[in-house]
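Hi there,

Here is the structure I promised to pass on. Have a look at it, and then read on for some notes on its charged pairs.

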Amino acid sequence: MYGTGRKVFSLLLALVLVFTLVPASVFAEDDGGGSPTGEDNPPIPKVEMNTDITEQEPKATDTQIPPEEPALNELDLIQMSPTGHKDKCTVTFKSDGKTVESRTVDKGATVSEPPAPTKEGFTFKGWYTENNTLWNFAGSVNRDITLYAKWDAIPIIFTVNFISNGGSEVPSQSVRKDERAEKPTPNPTREGYSFKGWYEDERLTNEWNFNKKVKEDITLYAKWELIPAYTVTFNSNGGSPIASQSVPGGSTVTRPENPTLEGHTFEGWYRNQNLTGKWDFVNDTV
């Protein structure tokens with residue numbers, strides 16, 4: 001029994017040092033030398049333990065296998081979607097950089113057109129993609145998209161009036177802002193006067209430049225220059241008298257009635273007394 005007790009003591013000492021490494025239960029022998037059943041205890045096997053325990057470094061040849069990542073399930077995929085559902089799409093409507101409205105629709109479905117926005121001085125022309133393509137609201141939505149409001153400026157119209165100052169009437173013009181008025185053609189006419197242009201003031205000091213852009217309602221005034229009048233005298237050379245005419249320079253002479261002379265036939269009017277240059281009442285001017 002003494003020898004057996006010594007072995008048990010040595011075993012217990014080793015177990016105290018490495019109890020976490022040996023998953024076993026040991027029952028010590030009591031002084032009575034018997035087991036709970038009254039039978040002799042069987043011999044306890046000798047256990048040799050190495051008390052010098054050090055942590056071993058993994059060998060360089062050891063393969064480090066990373067832990068396997070769990071596969072994503074259906075719920076994970078749904079939660080990862082920006083819209084909360086993988087089968088939903090968001091349509092954002094913007095005007096002048098600001099979001100007007102956002103709508104979520106099923107992938108492959110259509111999106112209804114929102115009420116047309118308004119903007120002072122502009123006409124709404126529709127919803128366009130980033131590629132400047134008009135969106136067809138009968139088409140399906142298959143991804144998140146942004147649609148942009150397109151605007152056309154409402155043209156501002158100005159009136160250009162023409163005052164002919166005694167000449168023939170010239171109609172007014174409607175001209176868009178920052179565009180040019182057209183010079184009226186033909187020029188107005190006035191008997192005894194020569195037309196000298198359109199002026200932007202009644203005193204006729206500043207001539208209007210028709211390359212200038214119109215930015216407001218304007219009135220233009222015709223400037224005239226008096227044409228000097230010339231007296232045309234008809235010498236009938238013994239025939240019936242013919243009244244003289246006052247003709248503006250550059251104008252034609254009105255053909256008078258033919259004079260009469262008994263026993264003679266009238267042959268026409270000539271430029272000189274030698275009767276060498278016949279006057280053309282259609283083309284010749286004073």
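Which residue forms a salt bridge with Lys215? The partner is Asp178, and the closest N and O atoms of the two are 2.5 Å apart. This pair links distant parts of the chain, 37 residues apart: Lys215 sits in the loop between strand E9 (213–214) and strand E10 (218–226), while Asp178 is in the loop between strand E6 (173–176) and strand E7 (179–180). Lys215 is exposed at 54% relative accessible area, and Asp178 is partly exposed at 32%.

Before the rest, a word on the source: this is a predicted model, in which local features need pLDDT of at least 70 and side-chain atom pairs count only at pLDDT 80 or more, whereas totals for chains, interfaces and linings use all residues. Residues are numbered from 1 along each chain as its sequence is written, and side-chain values use heavy atoms, with hydrogens and water left out.

The terms are simple:
- A salt bridge is a side-chain nitrogen of Lys or Arg within 4 Å of a carboxyl oxygen of Asp or Glu.
- Buried is under 20% relative accessible area, exposed is over 50%, and partly exposed is in between (1.4 Å probe, protein chains only).
- Strands (E) are DSSP runs of at least two residues, numbered from the N terminus.

The structure has seven salt bridges. Another of them joins Arg103 to Glu101, with 2.5 Å between the closest N and O atoms. Here Arg103 is buried at 19%, and Glu101 is partly exposed at 26%.

Best wishes

Conventions
Helices (H or I, at least four residues) and strands (E, at least two) are DSSP runs, numbered from the N terminus.
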